[in-house]
Amino acid sequence: MHSSFSDNDSLSVFRDRFFIPNGNGKEKIYFLGNSLGLQPKTARNHMESVLESWHQFGVEGFFEGENPWMDYHQGLAELMAPIAGAYPEEIAVMNALTVNLHLMLQSFYNPDNKRRKILCEAGAFPSDQYLMESQVRLRGLNPAEIIIEVSPREGEDTIREEDILEAIHQNKDEIALVLWGGVNYYTGQVFNIKKITEAAHNAGAVAGFDLAHAAGNIELKLHEWDVDFACWCNYKYLNSGPGAVATAFIHKKFHHQSVNRLAGWWGYRKDQRFLMKKGFVPGPSADGWHISTPPVLLFACLKASLEIFYEAGMDSIYRKGSAMSTYLIQLLQKIQSETGSDIFRILTPVDEHAKGCQVSLLFKHSGRLVFDHIISEGIFADWREPDVIRVAPVPLYNKFEEIDKFSQVLTDTLEKIKA
Ligand SMILES: *Cc1c(COP(=O)(O)O)cnc(C)c1O
């Protein structure tokens with residue numbers, strides 16, 4: 001073990017708060033917290049407590065019991081705020097990620113004759129591409145003319161920051177919205193949200209972010225950075241289970257009635273919601289974007305995970321996450337230099353500020369073979385067509401020894417392929 005951090009891993013106690021998948025009585029190595037985070041052991045208790053309230057109180061569960069459903073989301077917003085770098089009133093826990101991005105574009109993508117373009121990263125997650133296309137079409141516009149993609153330069157794997165800022169500047173008279181990711185799902189590249197937001201604002205555009213791979217992974221200061229809106233799912237680094245309820249951040253400056261939105265009764269100002277009056281009056285916070293009755297059973301899973309984040313503290317989480325991916329990259333570079341093999345290339349930037357937990361390896365050939373071998377050794381990683389293996393050791397439940405083990409398995413596999 002070569003990482004000085006590992007001798008001093010204050011987060012190691014948190015591993016026991018999660019169920020670690022196992023086979024034949026042996027714990028597997030789960031490096032897929034970037035895809036579906038593991039189950040907190042308290043998730044079941046929290047769900048049972050909601051079921052118990054329903055059992056005991058019926059509809060009165062909205063007001064009775066340990067955690068009345070009426071205010072349940074409030075507690076979640078408070079726990080989520082430090083993860084987002086936001087005020088609790090800027091957080092709405094609702095719906096699912098793609099759905100929330102659609103809702104945000106309804107409010108914040110307002111093309112006019114002059115300013116109508118959307119600037120985004122080339123190779124954005126498919127759901128993001130489809131949602132932009134459909135939002136553009138809904139306004140009677142042509143996606144091919146409206147959506148501007150910024151790509152890596154020829155022969156490079158990741159997008160240069162200067163190219164993003166330059167593209168925003170060049171299109172400054174035409175862009176209505178910059179919609180960017182926090183961390184690219186394929187390469188693991190972290191983008192500079194603060195600078196992209198600044199550039200978008202200087203160009204007169206709205207700055208919105210998809211933080212699916214960023215929330216719970218990298219440090220966020222959404223309020224301070226003046227981000228207009230951001231959305232993320234809670235089932236990746238935030239461990240709240242398949243189909244988990246998602247989160248939207250909406251900056252305070254928009255918490256007023258004149259911002260249009262797709263409305264529903266649950267977004268109505270809370271003190272008068274049940275007067276059932278004609279004419280929508282939104283609540284004066286991100287809650288004003290809620291539409292429907294909240295999914296309290298799903299809230300329960302999220303609460304279990306957020307309580308662990310709160311207890312562990314975001315600083316320690318980011319520090320360990322960064323130390324883990326740095327250590328993993330060091331071992332990979334060592335494998336490359338010792339074996340002289342150029343069979344794989346590390347796509348993820350090495351720079352500490354440009355990566356989170358995930359490291360992506362691009363294979364020249366035999367990638368699928370290597371991947372299958374890794375899996376057969378009890379390691380969870382994932383395969384992205386056509387040739388990438390993604391690996392994400394996460395701070396709350398992974399150990400540095402697991403990175404050693406991964407490196408050993410990879411070395412053995414490469415030996416075998418060579419033989
Ligand atoms: C995981 C992910 C999604 C998934 O969207 P859902 O609506 O939760 O299915 C969308 N965008 C990005 C960037 C993702 O990484």
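These are my notebook entries on a predicted model, with the places I looked up one after another.

**Ground rules**

I number residues from 1 along each chain as its sequence is written, and I use heavy atoms for side-chain values, leaving out hydrogens and water.

**Entry 1: domains**

I began with the overall layout. The domain assignment gives domain 1 (2–30 + 314–418) and domain 2 (46–311); such bounds come from an automatic or database domain assignment. I find 29 Å between the centres of domain 1 and domain 2, taken over C-alpha atoms. How many residues of each domain are in contact with the other? I get 28 residues of domain 1 in contact with 22 residues of domain 2, where contact means heavy atoms within 4.5 Å.

**Entry 2: the cores**

Next I went inside. A nonpolar core here is a set of buried Ala, Val, Leu, Ile, Met, Phe, Trp, Tyr and Cys residues joined through side-chain atoms within 4.5 Å. For burial I use relative accessible area with a 1.4 Å probe and protein chains only: buried is under 20%, exposed is over 50%, and partly exposed is in between.

Which members of the largest nonpolar core touch the most others? They are Trp-180, Leu-222 and Trp-232, in a core of 73 residues. Helix H8 (residues 296–312) gives this core its largest share, eight residues. I take helices (H or I, at least four residues) and strands (E, at least two) as DSSP runs, numbered from the N terminus. Both domain 1 and domain 2 supply at least three residues each to this core.

I then listed the contacts of Leu-222, skipping neighbours within four places in sequence: Ala-84, Gly-85, Leu-211, Val-227, Ala-230, Trp-232, Phe-249 and His-251. Another core, of 31 residues, lies apart from the largest one and has Leu-103, Cys-120, Ile-147 and Ala-286 among its members. A reminder to myself: in soluble globular proteins, nonpolar side chains tend to be buried together.

**Entry 3: Ile-196**

I looked up Ile-196 in helix H7 (residues 193–202). Ile-196 is buried, at 1% relative accessible area. Beyond four places in sequence, its contacts are Ile-164, Leu-165, Ile-168, Val-178, Trp-180, Phe-191 and Phe-209.

**Entry 4: the ligand**

Which residues surround the ligand? My list reads Leu-97, Thr-98, Phe-125, Asp-128, Asp-210, Ala-212, His-213, Tyr-235 and Lys-236, each with a heavy atom within 4 Å of the ligand.

I then picked out polar contacts, meaning pairs of N or O atoms within 3.5 Å. Asp-128 places a polar side-chain atom 2.8 Å from a ligand nitrogen. Lys-236 has a polar side-chain atom 2.5 Å from a ligand oxygen, and a side-chain N or O atom of His-213 is 3.2 Å from an oxygen atom of the ligand. The ligand on its own has 390 Å² of accessible area, of which the protein covers 81%; I use Shrake-Rupley areas with a 1.4 Å probe.

**Entry 5: Lys-303**

Is Lys-303 buried or exposed? Lys-303 is buried, with a relative accessible area of 15%. Lys-303 belongs to helix H8 and touches His-46, Asn-67, Tyr-72 and Leu-76, not counting residues up to four places away in sequence.

**Entry 6: backbone notes**

I found a cis peptide bond between Glu-385 and Pro-386, with omega about 0°. Pro-386 lies in the loop between strand S14 (382–384) and strand S15 (388–391).

I noted two asparagines as well. Asn-95 has a positive phi of about 50° although it is not a glycine; Asn-95 lies in the loop between strand S4 (91–93) and helix H3 (97–108) and is partly exposed at 30% relative accessibility. Asn-239, also not a glycine, has a positive phi of about 55°. Asn-239 is in the loop between strand S9 (229–232) and strand S10 (247–250), and I have it as buried, at 3%.

**Entry 7: Gly-267**

My last stop was Gly-267, in the loop between S10 and H8. Gly-267 counts as buried at 1% relative accessibility. Among its contacts beyond four places in sequence are Phe-280, Pro-282, Asp-287 and His-290.

Notes
This is a predicted model: local features need pLDDT of at least 70, side-chain atom pairs count only at pLDDT 80 or more; totals for chains, interfaces and linings use all residues. A polar contact is a pair of N or O atoms within 3.5 Å; within protein, one must be able to donate a hydrogen and the other to accept it, and residues adjacent in sequence count only if both atoms are side-chain atoms.
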